[in-house]
Amino acid sequence: MLASRFLLSTYLRELGQVELFIEPSGKPILKGVDQFISISHNRDMVAVAISETAVGIDVLYRDSRMEHLHSKFTTTSELSENDVEREDALHLIWSAKESAFKAYGKGGLDYKRDILVRNMTAPKSDWQSAEVYIFPELVSTRYLLYYQKSGDLFVTLATSKQQAKGIDFQDGSY
């Protein structure tokens, strides 16, 4: 978390009088600006997304446990609907659902029942797009998903509007 604190302090200093609060649910909130924030970290990678619309970001390194856990967050039909090799699909679907969950920001979702990832193709090193739908009740909410794979690292970003510009990430340890 030291790296995320460094990134945040650098960015928040540029904005002026902005404070970061953490809700009891763990969701970070920026006070003093009309922007949304999402934070993710995994091993030596940290990602921070700040946007004018709801946003969620997730970074995930390849994990051998994903094959054993997938029945808790995805279905066979969801896996087959996305044109991605199985091992990559498991990681991307999990990460996409994490990002969408963060963008949704309300909690109370069952990843397998309430979140659906659609239109994903084989990941590349360039950003690609897909869709995530959240439907905790009768109404669904659509999020645009941007995703990328770099070696064993998967990065996903979900946003409520098509506005992701200048997406970039860099490796680094702090």
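A residue is taken as buried when its relative accessible area is under 20%, and as exposed when that area is over 50%. By this criterion helix 4 of the predicted model is mostly covered, with 14 of its 19 residues buried. The helix reaches 26 Å from its first C-alpha to its last, which is close to the 27 Å expected at 1.5 Å a residue.

The protein as a whole contains 5 helices and 9 strands, and from the N terminus on these elements follow the order α-β-β-β-β-β-α-α-α-α-β-β-β-β. Of the 174 residues in the protein, 44% are buried. Among the contacts with a separation of 6 or more, 44% are made by residues 24 or more positions apart. The protein exposes about 9800 Å², and carbon and sulfur atoms supply 49% of this area.

At the start of the helix, a side-chain oxygen of glutamate 85 comes to within 2.9 Å of the backbone nitrogen of glutamate 87. At the other end, helix 4, which spans residues 86-104 and includes tyrosine 104, is followed by glycine 105, a residue with a positive phi near 70°. Tyrosine 104 has a relative accessibility of 14% and therefore counts as buried. When residues up to four places away in sequence are left aside, tyrosine 104 touches Leu109, Ile134, Pro136 and Tyr143. Tyrosine 104 is also 7.9 Å from valine 55, C-alpha to C-alpha, although the two residues are 49 residues apart in sequence.

In one of them, the ring centres of phenylalanine 73 and tryptophan 94 lie 5.1 Å apart with their planes at 70°, and because planes over 60 degrees apart meet the criterion, the pair is edge-to-face.

Tyrosine 111 has a relative accessibility of 12% and counts as buried. Taken together, the ring pairs link Phe73, Trp94, Phe101 and Tyr111 into a cluster.

An aromatic ring is also involved in an arrangement with a charged group, in which the charged end of lysine 31 sits over the ring of phenylalanine 21 at 5.9 Å from the ring centre.

Notes: Residues are numbered from 1 along each chain as its sequence is written. This is a predicted model: local features need pLDDT of at least 70, side-chain atom pairs count only at pLDDT 80 or more; totals for chains, interfaces and linings use all residues. Side-chain values use heavy atoms; hydrogens and water are left out. Helices (H or I, at least four residues) and strands (E, at least two) are DSSP runs, numbered from the N terminus. Buried means under 20% relative accessible area, exposed over 50%, partly exposed in between (1.4 Å probe, protein chains only). Contact means heavy atoms within 4.5 Å. Rings of Phe, Tyr and Trp (its six-membered ring) pair if their centres lie within 6.5 Å; planes under 30 degrees apart count as stacked, over 60 as edge-to-face and the rest as tilted. A charge sits over a ring if NZ of Lys or CZ of Arg is within 6 Å of the ring centre and within 35 degrees of the ring normal. Accessible areas come from the Shrake-Rupley method with a 1.4 Å probe; for residues, only the protein chains shown count as cover. The expected span of a helix is 1.5 Å times one less than its number of residues. A polar contact is a pair of N or O atoms within 3.5 Å; within protein, one must be able to donate a hydrogen and the other to accept it, and residues adjacent in sequence count only if both atoms are side-chain atoms.
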